[in-house]
Amino acid sequence: FASTNRILFAYGTENTGGIFYGYGNLIGVEIIGVLCIILWAGGIMTPFFIGLNFLGMLRVDPVEEKVGLDISHHKGAAYALDGPTAEEIDAYET
């Protein structure tokens with residue numbers, strides 16, 4: 001995999017600096033790339049989530065959260081676990 005012939009063919013030199021190849025330059029570039037992606041995604045999505053929070057659309061209604069999204073969206077429980085009581089379902093539906 002990392003024979004000197006292949007390293008010479010790929011990088012033009014046999015001396016690439018060990019485990020991180022290029023004396024840490026390659027791993028440094030990868031870290032910078034990951035940080036740029038995190039900053040880009042955070043910069044794009046932060047205003048979106050702030051806007052949703054401002055409009056009150058970020059969370060579901062507390063009654064709907066108590067009843068469960070399966071019942072509120074699909075009109076039935078997805079699992080046979082202890083679900084909401086009939087009173088909680090009636091409170092949601094009214």
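## A buried glutamate

Glu64 is buried, with a relative accessible area of 14%; buried means under 20% relative accessible area, exposed over 50%, and partly exposed in between (1.4 Å probe, protein chains only). This residue belongs to helix 3, which covers residues 62–67. Helices (H or I, at least four residues) and strands (E, at least two) are DSSP runs, numbered from the N terminus. Leaving aside residues up to four places away in sequence, Glu64 touches Leu69, Ser72, His73 and Tyr92, where a contact means heavy atoms within 4.5 Å.

## Basis of the report

This is a predicted model, in which local features need pLDDT of at least 70 and side-chain atom pairs count only at pLDDT 80 or more, while totals for chains, interfaces and linings use all residues. Residues are numbered from 1 along each chain as its sequence is written, and side-chain values use heavy atoms, with hydrogens and water left out.

## The chain as a whole

The protein chain contains 5 helices and 0 strands, and its pattern along the sequence is α-α-α-α-α. Of its 94 residues, 9% are buried. Among contacts with a separation of 6 or more, 14% are between residues 24 or more positions apart.

The chain exposes about 8,000 Å², of which carbon and sulfur atoms supply 66%. Such areas come from the Shrake-Rupley method with a 1.4 Å probe; for residues, only the protein chains shown count as cover.

## Helix 2

Helix 2 spans residues 25–54, a total of 30 residues. From its first C-alpha to its last it reaches 43 Å, close to the 44 Å expected at 1.5 Å a residue; the expected span is 1.5 Å times one less than the number of residues. At Met45, shortly before the proline Pro47, helix 2 has a kink of about 30 degrees, the bend being the angle between axes fitted to the seven residues ending there and the seven starting there. After helix 2 comes Gly56, whose phi is positive, near 75 degrees.

## Paired side chains

The whole structure holds 1 aromatic pair. Phe48 and Phe49 form this edge-to-face pair, at 5.5 Å centre to centre with 65 degrees between the planes. Rings of Phe, Tyr and Trp (its six-membered ring) pair if their centres lie within 6.5 Å; planes under 30 degrees apart count as stacked, over 60 as edge-to-face and the rest as tilted.

There is also 1 salt bridge in the whole structure, meaning a side-chain nitrogen of Lys or Arg within 4 Å of a carboxyl oxygen of Asp or Glu. Glu65 and Arg59 form it, at 2.9 Å from N to O. Glu65 is partly exposed at 44% relative accessibility, whereas Arg59 is exposed at 58%.
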